[in-house]
Amino acid sequence: MVYKTVMNATEKTFERTLTYDKYTDPKVLEKEMELVFSKSWQLVGHVSQVEKAGAFFTADVANEPIIVIRGTDEVLRAFYNVCPHRATKLERNDSGQKKILQCMYHGWTFKTDGALNRAPNFRGEDAACVQDACLRPVRMEVQESLIFVNIDDDATPLAESYGDFFDRLSQFEFLSELKRTHRKSRVIKANWKAYIDNYLECDHCHIAHPSFVDTLDMKDYQITMCENYSIQGTVVKADKQYGEVDLNEAEMKGGTFFWLWPNLMLTIYPGPGNMASIEMIPIDHETTLAVYTYYFREDSLEDLSQDEIDLMTFAEQVRAEDIELVELEQIGFRSRAFNKGHYASSEQAIVQFHEMVLEALDE
């Protein structure tokens with residue numbers, strides 16, 4: 001998928017944005033679930049969650065229940081979290097460690113490689129009818145310790161889907177040392193695309209994010225569009241710090257912010273080695289579950305240094321400011337005042353995103 005710019009380079013004019021019904025019409029979200037979320041790679045976890053044999057976690061992708069489990073053979077796999085007998089959701093826990101998975105309905109059990117272990121209500125000659133019954137696998141790939149799944153069996157491989165993104169990400173050498181330290185979520189009263197739009201430009205930063213622009217050098221702030229992703233960021237200003245930490249001497253001396261089609265953002269802030277992922281998961285056409293996951297070298301919040309706590313506080317403040325903006329924006333989307341907006345020349349990353357949405361919806 002390659003985006004098309006809507007700027008007329010000769011006349012220096014700009015097209016209007018997506019029409020606002022794309023943010024308010026439930027039928028649009030129905031198409032997006034089928035044509036965007038069911039056909040794209042979705043971040044579901046981190047290898048630190050499934051280091052031991054039998055360790056698993058569950059997730060939902062495009063309204064499909066998924067389980068990721070490391071087999072007793074040490075192989076990491078993903079399956080639909082659904083029993084092949086009567087379609088019952090198999091594992092109810094968010095995470096854990098098991099040698100055998102059991103369905104609570106009729107007691108069918110499955111090995112960690114997805115093969116049927118026992119079907120108690122199929123005995124004797126009936127047993128032959130279900131001997132090949134197993135959990136249905138889901139495509140899964142791991143890059144830089146991040147676990148992605150795609151429920152489209154024909155999807156392009158993960159690395160090929162995002163050009164040179166994982167090569168760029170691998171340049172942050174500390175990533176291999178990070179663990180999934182903390183996860184939190186928040187319900188946002190806005191369409192999922194509104195938050196992406198907001199993330200993909202920083203024209204609002206001087207107004208909405210005073211601490212952000214006070215810390216980072218906005219004169220050097222750059223946004224670059226790449227193949228199915230974009231990257232933005234800059235360095236810290238001189239003599240800036242979190243608490244007692246001089247950011248000019250920190251492990252990360254700048255901020256780097258990635259967006260990956262369609263709904264994933266990865267942020268690396270100034271300070272000690274860190275990364276955070278932001279996922280925008282639609283609840284309905286005007287409500288979104290924002291999932292924030294922090295990755296540090298430590299296992300839990302209790303183990304974080306003051307430097308890392310200060311970094312999280314900084315990031316949380318910026319996110320709270322963004323959420324207020326997009327919730328106000330959603331009110332305007334429903335208004336009859338206007339049916340679309342305007343692109344500024346500095347908003348080409350939003351243009352890329354919108355073109356990809358329209359291409360996916362075949363519009």
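I began with a definition: a residue is buried under 20% relative accessible area, exposed over 50% and partly exposed in between, using a 1.4 Å probe and protein chains only. By that rule, 52% of the 363 residues of the protein count as buried.

I noted where the values come from. This is a predicted model, where local features need pLDDT of at least 70, side-chain atom pairs count only at pLDDT 80 or more, and totals for chains, interfaces and linings use all residues. Residues are numbered from 1 along each chain as its sequence is written, and side-chain values use heavy atoms, with hydrogens and water left out.

**Entry 1: overall form.** I looked up the spans of the C-alpha trace along its principal axes and found about 75 × 50 × 35 Å. The radius of gyration is taken over C-alpha atoms, and the globule rule is 2.2 Å times the number of residues to the power 0.38. With 363 residues, a compact globule would have a value near 21 Å, and the protein's 22 Å agrees.

**Entry 2: the parts list.** I found 8 helices and 19 strands. Both are DSSP runs numbered from the N terminus: helices are H or I with at least four residues, strands are E with at least two.

**Entry 3: a sheet.** I traced an open sheet of 7 strands with antiparallel pairing, in the order β11-β19-β18-β17-β16-β13-β12. Its edge strands, β11 (179-188) and β12 (222-226), each pair on one side only. Two strands pair if DSSP finds at least two bridges between them. Strands β18 (residues 275-284) and β19 (residues 287-296) have 9 bridges in the antiparallel sense. P282 has T288 in β19 as its bridge partner.

**Entry 4: a helix across the sheet.** I saw that helix α7 (residues 306-333) lies across β11, β17 (264-268), β18 and β19, and runs at about 165 degrees to β19. Axes are lines fitted to C-alpha atoms, for helices over the stretch in contact, and angles run from 0 to 180 degrees between N-to-C directions. Contact means heavy atoms within 4.5 Å.

Entry 5: Is N274 buried or exposed? N274, in the loop between β17 and β18, is buried, with a relative accessible area of 2%. Its side chain reaches the backbone oxygen of Y269 at 2.8 Å, and that of P272 at 2.8 Å. Not counting residues up to four places away in sequence, N274 touches several residues, including F174, Y295 and L311.

Note on methods
Polar contact = N/O pair within 3.5 Å; in protein donor to acceptor, adjacent residues only side chain to side chain.
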